[in-house]
Amino acid sequence: KRRTSDSNSLTSNNMDWDFLIKDKSEISVSTDTRTLPEGCVFFALHGQNFNGNRFALQALEMGAEYAVVDEDIDMTGTGDFTPISDVFSNWVCGYGNWCGTFDGQGHTISHMQVHKNSRSAALARAALFGNVSAGATIKNLTLDGTCSFESDYGVAAGFVGYVGYEGATTASAVQLENLTNHAAVTSSVAAGGIVALGYTGNTGSSFGYAERTVQTLTLDNCKNYGAVTNSASSEAQGYGTGGLIGYGETPTTNLTGCRNEGNVSGTGTSAGTGTGGLVGVSYKTFYLTDCTNTGTITSTQDKVGGMVGRGYGASVIHMTRCTNSGAVTGEKNHVGGFVGLTGGSSVNSFDACSNSGAVTGVQSVGGLLGQQNSGTATLENCSNMGAVESTGIYTVDDFNVVDGVWTLKPGVPDYKAT
């Protein structure tokens, strides 16, 4: 490993490590967690009698800013894993978030089990990384089907529980690349195959990092094959359920080339306020490009979509060349092949998108959009080939008519009330 004087970058075996370095004037490298300096690059060395890959996750928790592994990581026999940056303790990145780089080099983590039963939100994030902030990059890694992530009272995801608050860097983005999840994810608040909850940051915080909040969350070529389930019991408690992202409030979120094949289910009495093949709830601006859902999407509640369950508030959704072929079913209203319910006053666009999955709901059911709440939606070169069924259409037989007054017969559900 050497630094070249002409390019001011770190190279090893003709590989350019320039992406690892924020301040190129100085960099610290470690291969031993026992003497690991804060903010260093940890390289997992593998020899006949030693395997540093088993300490890579520990190195990140101890303050390494980057980690590079060279083989799969098997967590068999390690018990319940404590997520990296589990609580607000890593002040290097501000407010307890992790802001380094983890490069899995195309390897796989197996037998990782995370189960959180704390009622404290800060202690209830079940994921590989509990909290990340601006500057974080996680890439080239797979969680296989022997892993599982479950939180009884908090958020859960395969890779990141919580994106947000402020970091101690001048970066403003979180980058997730080439991540694949096969693990089952279960939550009662927000659940996502890749990210549970993307937050906007803590503007005006007394911690002094208000100008360094996460402004952009990017998911590039991320895939979920695991079952994602949310059992939220109230809308105040629940946030969202999605194959990739449960709930997104980051100012700009980009999903490019992402895919969900896992079954996504909202089973609670509020179902997390939105259930979608890729995104449960979008709260700010979302760009979905060349994304696909083939998983079955179901909810006991409303706001269910093949791609996005709910566009909340002033949410803006731009969808280009996206396809849904998974069946979409909601036991209440607002069910769509693309989006169940869009936000108020939002301007949404859909270009060259198609749905072939069956769509079933009570009222406000559509092959593409369940309901555009207000604002505008532009659809160009879009198509629906899936069957659409609304079970909330009244017939004459559902009413009693007395002196010209129509009233529902006893036992007929009042769909409008739902």
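A salt bridge is a side-chain nitrogen of Lys or Arg within 4 Å of a carboxyl oxygen of Asp or Glu. This is a predicted model, where local features need pLDDT of at least 70, side-chain atom pairs count only at pLDDT 80 or more, and totals for chains, interfaces and linings use all residues. Residues are numbered from 1 along each chain as its sequence is written, and side-chain values use heavy atoms, with hydrogens and water left out.

**Exercise 1.** Find the partner of Glu-261 in a salt bridge, and say how exposed both residues are.

*Solution.*
- Step 1: Glu-261 pairs with Arg-259, at 2.7 Å from N to O.
- Step 2: Recall the cut-offs: buried is under 20% relative accessible area, exposed is over 50%, and partly exposed lies in between (1.4 Å probe, protein chains only).
- Step 3: Glu-261 has 33% relative accessibility, so it counts as partly exposed.
- Step 4: Arg-259, with 27%, is partly exposed too.

**Exercise 2.** Work out which parts of the chain the salt bridge between Arg-321 and Asp-290 ties together.

*Solution.*
- Step 1: The side chains of Arg-321 and Asp-290 meet at 2.7 Å, N to O.
- Step 2: Arg-321 sits in the loop between β34 (316–320) and β35 (323–324), and Asp-290 in the loop between β29 (285–289) and β30 (292–293), so the pair links parts 31 residues apart in sequence. Strands here are DSSP runs (E, at least two residues), numbered from the N terminus.

**Exercise 3.** Name the residues that Met-319 contacts, leaving aside neighbours within four places in sequence.

*Solution.*
- Step 1: Contact means heavy atoms within 4.5 Å.
- Step 2: The partners of Met-319 include Leu-288, Met-307, Phe-338 and Cys-353.

Technical notes. Helices (H or I, at least four residues) and strands (E, at least two) are DSSP runs, numbered from the N terminus.
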